[in-house]
Amino acid sequence: MSVKHDPVDLQVIFAPMIFDLKELTTAERQYYLQHVVAPRPICFASTIDTKGTVNLSPFSFFNLFSTNPPVVIFSPSRRVRDNTVKHTLQNLLEVPEVVINIVTYDMVQQTSLASCEFPQDVDEFIKAGFTKEPAIAVKPPMVKESKVKLECKVNEIKSLGEEGGAGNLVICEVLKVHIADELLNEEKKIDQSRLELVARLGGDWYCRVSKKNLFIVPKPNTKLGIGIDALPESIRSSKLLTGNQLGLLANVHELPVVEPSFDDEHLKNIFQYYSVNPIEMEKEVHAYAAKLLDQHKVHEAWQVLLAAENIV
Ligand SMILES: Cc1cc2nc3c(=O)[nH]c(=O)nc-3n(C[C@H](O)[C@H](O)[C@H](O)COP(=O)(O)O)c2cc1C
């Protein structure tokens with residue numbers, strides 16, 4: 001468990017290094033920004049030119065920006081090496097349609113292979129070993145092996161600059177979404193743990209969304225949490241409870257009250273053992289509450305803390 005320090009300590013221990021981006025080279029900017037603005041989902045974009053030549057390339061400058069209208073944006077940058085534009089962008093300027101194939105763990109190595117700078121007339125479907133599947137509403141083919149595909153029309157391309165490294169925002173309206181049956185349950189809802197998404201971080205780092213690293217953060221959509229500022233002072237200034245643990249406590253809709261029926265053997269033992277040492281008692285109680293919070297037992301943690309407030 002991480003122990004909190006007061007703000008003065010933190011300044012000494014974690015004094016940040018501040019980078020002025022104007023003083024960095026494009027490669028350095030790319031290095032720092034890609035490591036920290038991460039993980040980024042991967043858009044595996046299939047495009048086509050007017051002659052019918054198909055292109056398939058991955059882009060991690062990509063995300064969902066609107067659901068009504070349904071809009072996703074990705075960005076093929078100007079090459080830093082020679083300031084040329086990528087084939088994907090050239091194709092989109094000719095035929096403003098794209099299929100965005102969502103990348104899962106089972107296809108990540110082939111996806112990376114497709115990112116090689118093959119000449120324009122080379123078909124990355126063939127090079128990377130993917131199968132073409134016709135789309136319904138747009139001309140570029142879909143990647144059959146991808147479990148989720150978005151058929152999109154391109155509404156706008158916004159250039160962010162003229163120098164190497166400058167992005168080009170490809171603003172796409174999603175027309176159709178194909179989702180593999182295996183990802184859906186009986187209610188046609190997506191089982192998040194079955195879709196083993198991968199995402200890009202800095203350098204050669206990727207991450208894999210798998211069952212063991214998924215977790216839930218319950219969010220009250222309609223009711224407001226009380227907020228950290230509404231926590232009793234002894235809890236808010238605890239040296240043992242972490243920011244995450246305080247966040248859980250402060251996400252209740254109203255300040256809980258002591259429940260006389262609450263009965264906890266371990267808490268009773270703490271009270272008995274530390275009856276002559278209130279400072280140690282508070283530490284023990286907070287450590288116990290922290291343990292309960294780590295098991296998402298928010299109600300029990302509150303009762304433990306409130307019972308101790310009344311005793312200490
Ligand atoms: C996972 C991954 C993500 C990438 N993301 C981007 C990106 O967001 N923007 C970009 O310009 N290049 C990105 N690249 C590099 C392009 O895929 C690469 O330059 C590719 O050759 C472009 O192909 P094209 O010229 O056929 O369009 C990425 C590469 C990989 C492997």
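Start at R79. At 11% relative accessibility, R79 counts as buried, because buried means under 20% relative accessible area, exposed over 50%, and partly exposed in between (1.4 Å probe, protein chains only). The model is predicted: local features need pLDDT of at least 70, side-chain atom pairs count only at pLDDT 80 or more, and totals for chains, interfaces and linings use all residues. Residues are numbered from 1 along each chain as its sequence is written, and side-chain values use heavy atoms, with hydrogens and water left out.

**Stop 1**

R79 lies in the loop between β5 (70-74) and α3, and E117 in the loop between α4 (108-114) and α5 (124-128), so the pair ties together parts 38 residues apart in sequence. A salt bridge here is a side-chain nitrogen of Lys or Arg within 4 Å of a carboxyl oxygen of Asp or Glu. Helices (H or I, at least four residues) and strands (E, at least two) are DSSP runs, numbered from the N terminus.

Check E117 itself. It is partly exposed, at 45% relative accessibility.

Now select R81. R81 also forms a salt bridge with E117, the closest N and O atoms being 3.9 Å apart. This pair links distant parts of the chain, 36 residues apart: R81 sits in the loop between β5 and α3, E117 in the loop between α4 and α5. R81 counts as exposed, at 62% relative accessibility.

N83 is not a glycine, yet its phi is positive, about 60°. Its relative accessibility is 29%, so N83 counts as partly exposed.

**Stop 2: the ligand**

Select the ligand and its shell. Which residues come nearest? Of the 20 residues around the ligand, these are P58, S60, S77, T88 and S115. A residue is near a molecule if one of its heavy atoms lies within 4 Å of it.

- P58: a backbone N or O atom lies 2.8 Å from an oxygen atom of the ligand.
- K86: a side-chain N or O atom is 2.8 Å from an oxygen atom of the ligand.
- S115: a backbone N or O atom lies 2.7 Å from an oxygen atom of the ligand.

Taken alone, the ligand exposes 640 Å², and the protein buries 92% of that. These areas come from the Shrake-Rupley method with a 1.4 Å probe; for residues, only the protein chains shown count as cover.

Colour by element next. β3 (54-59) and α3 (87-94) each supply at least two residues of the shell. The largest share, 4 residues, comes from β3.

Then colour by class. The shell has 7 nonpolar, 8 polar and 5 charged residues. Ala, Val, Leu, Ile, Met, Phe, Trp, Tyr, Cys and Pro count as nonpolar, Asp, Glu, Lys and Arg as charged, and the others, Gly among them, as polar.

**Stop 3: along α3**

Select Q90, in helix α3. Q90 is partly exposed, at 27% relative accessibility.

**Stop 4: a nonpolar surface patch**

Show the surface of M17, F19, L21, Y31, Y32, L33, V36 and V37. Together they make a nonpolar patch of about 800 Å². Patches are made of residues with over 30% relative accessible area and no salt bridge; like charges are joined within 9 Å, nonpolar side chains (Val, Leu, Ile, Met, Phe, Trp, Tyr) within 5 Å. V36 belongs to helix α2 (residues 26-36). V36 counts as exposed, at 62% relative accessibility.

Select K22 and D20 next. Their side chains meet in a salt bridge (4.0 Å, N to O). K22 is exposed at 72% relative accessibility; D20 is partly exposed at 35%.

**Stop 5: backbone details**

Zoom in on P39, in the loop between α2 and β1 (40-41). The peptide bond from A38 to P39 is cis, with omega near -5°. Then go to P69, in the loop between β4 (62-67) and β5. The N68 to P69 peptide bond is cis, with omega near 5°.

Finish at K188, in the loop between β10 (168-179) and β11 (198-200). Its phi is near 60°, a positive value in a residue other than glycine. K188 is exposed, with a relative accessible area of 67%.

Notes. A polar contact is a pair of N or O atoms within 3.5 Å; within protein, one must be able to donate a hydrogen and the other to accept it, and residues adjacent in sequence count only if both atoms are side-chain atoms.
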